[in-house]
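Me: I have a structure open and would like to talk it through. Could we begin with how the strands are arranged?

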2 protein chains.
Amino acid sequence: MKKKAVILLSGGLDSTTVLALARSQGYECYALAVSYGQRHVAELAAAQRVAAALGAARLQQMQVNLDAVGGSALTDRNIAVPEAPVDGIPVTYVPARNTLFLSLALGWAEVLGARDLFIGVNAVDYSGYPDCRPAFIEAFEALANVATKAGVEGARFKIHAPLLTMSKADIIREGARLGVDYGLTVSCYQADEQGRACGRCDSCRLRAAGFAEAGVPDPTPYRG
Amino acid sequence: MKKKAVILLSGGLDSTTVLALARSQGYECYALAVSYGQRHVAELAAAQRVAAALGAARLQQMQVNLDAVGGSALTDRNIAVPEAPVDGIPVTYVPARNTLFLSLALGWAEVLGARDLFIGVNAVDYSGYPDCRPAFIEAFEALANVATKAGVEGARFKIHAPLLTMSKADIIREGARLGVDYGLTVSCYQADEQGRACGRCDSCRLRAAGFAEAGVPDPTPYRG
């Protein structure tokens, strides 16, 4: 019987590559898409396409209303998504987002009997977001083993962050090798309802540069 | 100006006492009530009464659909709430619940500029729930300081668990000293819509025994 894993899946380029990697490592993949009042609902439709295309055993959607808390351009419509590079941690940072995502993944993993959690944080995000660094992943893994019934009873949870030290181009090359169709994915912070990208936000710029550097044709649908 | 604190408030006896304690320590209190598909929606009405009675600066309600995941008598209607003591971790354990609650509190704290989080885990829960132990609180505090922009920039988050080593009777005595009206609170795992308690579940039995041991009159409304 295959080992189960829970994969955090946003429907973007990174998490889709992680799902393909987990599958290639032989895991039965349970994909978790968290909706948190973000602007890019198109990502959730992408997560459904991706989960189906990559043979996930299940796609579970969970909702939490982070828009009630705000504090980020991704949850508060009054904060504009930046269209030029910024110094420091950008306004698209969502306070404690990956802590929340991993908490939900951990609870589901415990119910499923899975011990392996996959999250698509990477070195490019590292430069901006605190919860995309190795220290964060290590701290959450330590927490998981004292926070759960399974952990207290001796199970060891493992937080896999296979993209951590990869550049965007590396990620795209790896996904292409695994046969990922990146045309299914949505990375744009302000994609329209059809999933078409703006081509101007941080996320679009990183993605486009990644395809160029990887020498892989960019299948992203851009609007207008 | 008062220091801000985020208080996880379920509307039960323990978290209400924690709110009263935080207030008595001079904090401006931001109460967070998380609705997670639990059976006892009466708790949320209790949280509103308690937040008003104890002068919270705000009560924020957040919702997350843990019922989609199940795995606990508190989130899955197909699992019965036990009415007799059990050995080990009871079926009312909700996988990773306090990790999730503290994640939500941490995100809100970062938005508010608060560095102090209060949670009402205690020694009685300790015996059953893994995420009510000192090791869990310490691990989450370590995580908070690497998971957030504020932490990375040098702020120190503190997770306060003032009930950790207190018995139920101790908690009730402390609350009574602070003038808490426990008639406003709901602890029962299967309270009815008017907030009346069953008197039979684990939580009811612990609570009733606590009032008896503390020598404080029990104001709990019981049904039938």
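This is a predicted model: local features need pLDDT of at least 70, side-chain atom pairs count only at pLDDT 80 or more; totals for chains, interfaces and linings use all residues.

Me: How does the chain cross from strand 1 to strand 2 of chain B?

Reply: The path goes through helix 1 (residues 13–24) of chain B, and this β-α-β crossover is right-handed.

Me: Is strand 2 of chain B mostly covered or uncovered?

Reply: Strand 2 (residues 28–35) of chain B is mostly covered, as six of its eight residues are buried.

Me: What else pairs with strand 2 of chain B?

Reply: Strand 3 (residues 58–63) of chain B pairs with strand 2 of chain B, also in the parallel sense, over six bridges. There, L32(B) has Q60(B) as its bridge partner.

Me: And what joins strand 1 of chain B to strand 4?

Reply: Three bridges join strand 1 of chain B to strand 4 (residues 116–118) of chain B, and the two run parallel. V6(B) stands opposite L117(B) of strand 4 of chain B.

Me: So what is the order of the strands in the whole sheet?

Reply: The order in chain B is 3-2-1-4-5, in an open sheet of five strands with parallel pairing.

Me: Why is one side of strand 3 and of strand 5 of chain B left without a neighbour in the sheet?

Reply: Strand 3 and strand 5 (158–160) of chain B stand at the edges and have a single partner strand each, so one side of each has no neighbour in the sheet. From one strand to the next, the twist averages 25 degrees.

Me: Which strands does helix 2 of chain B touch?

Reply: Helix 2 (residues 42–53) of chain B packs on the sheet and touches strand 2 and strand 3 of chain B. Its direction makes about 175 degrees with that of strand 2 of chain B.

Me: Where does helix 3 of chain B lie?

Reply: Helix 3 (residues 97–112) of chain B lies across strand 1, strand 2, strand 3, strand 4 and strand 5 of chain B, and runs at about 160 degrees to strand 1 of chain B.

Me: Changing topic: how many residues does each chain give to the contact between chain A and chain B?

Reply: Chain A gives 37 residues and chain B gives 37 residues. On the side of chain A that touches chain B, the largest share, nine residues, comes from helix 3 of chain A. That side of chain A divides into 24 nonpolar, 10 polar and three charged residues.

Methods
Residues are numbered from 1 along each chain as its sequence is written. Chains are lettered from A and ligands numbered from 1 in the order in which they are written. A residue is buried if 20 or more other C-beta atoms lie within 10 Å of its own, exposed if 12 or fewer, and partly exposed in between; C-beta atoms are placed from the backbone. Helices (H or I, at least four residues) and strands (E, at least two) are DSSP runs, numbered from the N terminus. A crossover is right-handed if, with the strands pointing away from the viewer, the path from the first strand over the helix to the second runs clockwise. Two strands pair if DSSP finds at least two bridges between them. Two residues are in contact if their C-beta atoms, placed from the backbone, lie within 7 Å. Ala, Val, Leu, Ile, Met, Phe, Trp, Tyr, Cys and Pro count as nonpolar, Asp, Glu, Lys and Arg as charged, and the others, Gly among them, as polar. Axes are lines fitted to C-alpha atoms, for helices over the stretch in contact, and angles run from 0 to 180 degrees between N-to-C directions.
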